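Here is a short briefing on pockets and cores. Keep the sequence and the model open beside it.

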Amino acid sequence: MIAPMESPLVLVGWDFRRTPISIRERLAFTPDSIREALAHITRQGVLSEGVIVSTCNRSEIYGVGTTADVEEAVTEFVAGFHRLPKPDILGSRYGLSGPDAVRHLFRVAAGLESLVLGEDQILAQVREALRVASAAGATRSVLHRLFQQACAAGKRVRSETGVGTRATSIPGVALELARKVYEDIDKRSFLIVGAGDIAAIFYDLLVGRGARTIDVVNRSFDRAQALTSRGGTPRRWDELPARLPHADVVVCATASPTPLFGAAEASAALDARRGRPVLFLDLGVPRNIDEKVSSVENAFLYAVDDLKEMAARNLADREKDIPKAEAILEEELADFLSWYGSLAVVPTVTSLRRRFERVREEEFDRQLSRFERVAPEDREKIRLLAQSMVRSLLRRPTVALKEESDPVRRVERAEAIRHVFGLEDEGGSE
């Protein structure tokens, strides 16, 4: 059973599920504005510490609040910071606190709250959010530990389940298919036709997988040059027919309303290759490659519809592993809450008193046994005196914990006491 959290750890956010893009784009934070917002929100005393996760699909503020109505205070701050009327952002806002806020962050880091289930980028974005907040001096013990554990949880989900494996985007599926056909894609020649968004994603995936021979043909030579800035060769549009025979994989992703080439051009290219097969990946809509190319010997053609089916199967496979991923996140949640719960005032004071009493009893018995002539009634007086000394010694740290109004500073003090007196393995219950 998960214990309630003593400190008001909260999340206030807006994401793609609840918030229209017209609002999300106005609530987005840049790295500079994150630093500015964190400085203001902590200086104003709305939060003791804070981290902002801002991506194209979500803007979320995590923090430890100092007031009872911290969600409203954060919303008020966000509206003012972005110069938006509060009612405009209130309807699509969601707020969570305690274990629910922790669980949500872990799900975000694992990719379970992403538009594309299990996406890789979000884990790096959560890690970057922690880095920016830490560099701005906006994190302390609670959020630092929370975000570190969120990153560890996200990494576990990806390594122990299939949630993050198997591509679900069209360019990702296309590359997955190319890797199945050619295991050694770093030694293969690729010809990308087009330099738009889809072509750019495929190019990035190729570079990331170590491909070294990449030609990019585009109607605008400048855009072909820009796309190949990290490797590859830009080609002019009229070079397309001449480059076809050199490619093991041809990827077309243009907005052309008619096919760029047909069976005759493909057949000529294969003849020039002396029968060595070519994988044609048509990522364009409308089709960029005439479907009759599939009838050419040693030409293997896959269009968007084929790749969509593969993407749907991959997504279904990912979804099967959601329960396993959620079980991992619940383990991580319980671990975090166990750490957090041990730093509450009562468990810490109880552990400290138990440790002091144990030391008193051990030292009292050992020392008193050396004085055989001490009468029993005097032994009891000495025992009471020792107990009184222990209570006096405990009074100051107990008051320091109980009367600390800053929840994060209270946790930090509890953590320091546990570390100094070696209470990490002590239970906190009476």
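A polar atom in the side chain of Ser33 lies 2.7 Å from the backbone nitrogen of Thr30. The model is predicted: local features need pLDDT of at least 70, side-chain atom pairs count only at pLDDT 80 or more, and totals for chains, interfaces and linings use all residues. Residues are numbered from 1 along each chain as its sequence is written, and side-chain values use heavy atoms, with hydrogens and water left out.

**Ser33**
- Ser33 sits in helix 2. Helices are DSSP runs of H or I with at least four residues, strands are E runs of at least two, and both are numbered from the N terminus.
- Ser33 is buried, at a relative accessible area of 13%. Buried means under 20% relative accessible area, with a 1.4 Å probe and protein chains only.

**Largest pocket**
- The largest pocket holds about 760 Å³ of space.
- A pocket is an open set of points on a 1 Å grid over the protein atoms alone, where a 1.4 Å probe fits, with protein on both sides within 12 Å along at least five of seven lines; lining residues have an atom within 4 Å of a point.
- The volume is the space filled by probe spheres set on the points.
- Helix 6 (121-135), helix 8 (170-181) and helix 9 (197-208) each supply at least two lining residues.
- Helix 8 gives the most, with five residues.
- The lining of the largest pocket has nine nonpolar, eleven polar and eight charged residues. Ala, Val, Leu, Ile, Met, Phe, Trp, Tyr, Cys and Pro count as nonpolar, Asp, Glu, Lys and Arg as charged, and the others, Gly among them, as polar.

**Second largest pocket**
- The second largest pocket holds about 160 Å³.
- Its lining includes Phe29, Pro31, Ile52, Gln125 and Glu128.
- Helix 2 (31-43), strand 2 (47-54) and helix 6 each give two or more residues to this lining.
- The largest share, four residues, comes from helix 6.
- By class, the lining has seven nonpolar, three polar and one charged residues.

**Nonpolar cores**
- The largest nonpolar core has 74 residues; Val74, Phe106, Leu146 and Phe147 touch the most other members.
- A nonpolar core is a set of buried Ala, Val, Leu, Ile, Met, Phe, Trp, Tyr and Cys residues joined through side-chain atoms within 4.5 Å.
- Another core, of 30 residues, lies apart from the largest one and includes Val173, Ala174, Ala211 and Met310.

Definitions and conventions: Buried < 20%, exposed > 50% of the residue type's maximum accessible area, 1.4 Å probe, protein only. Polar contact = N/O pair within 3.5 Å; in protein donor to acceptor, adjacent residues only side chain to side chain.
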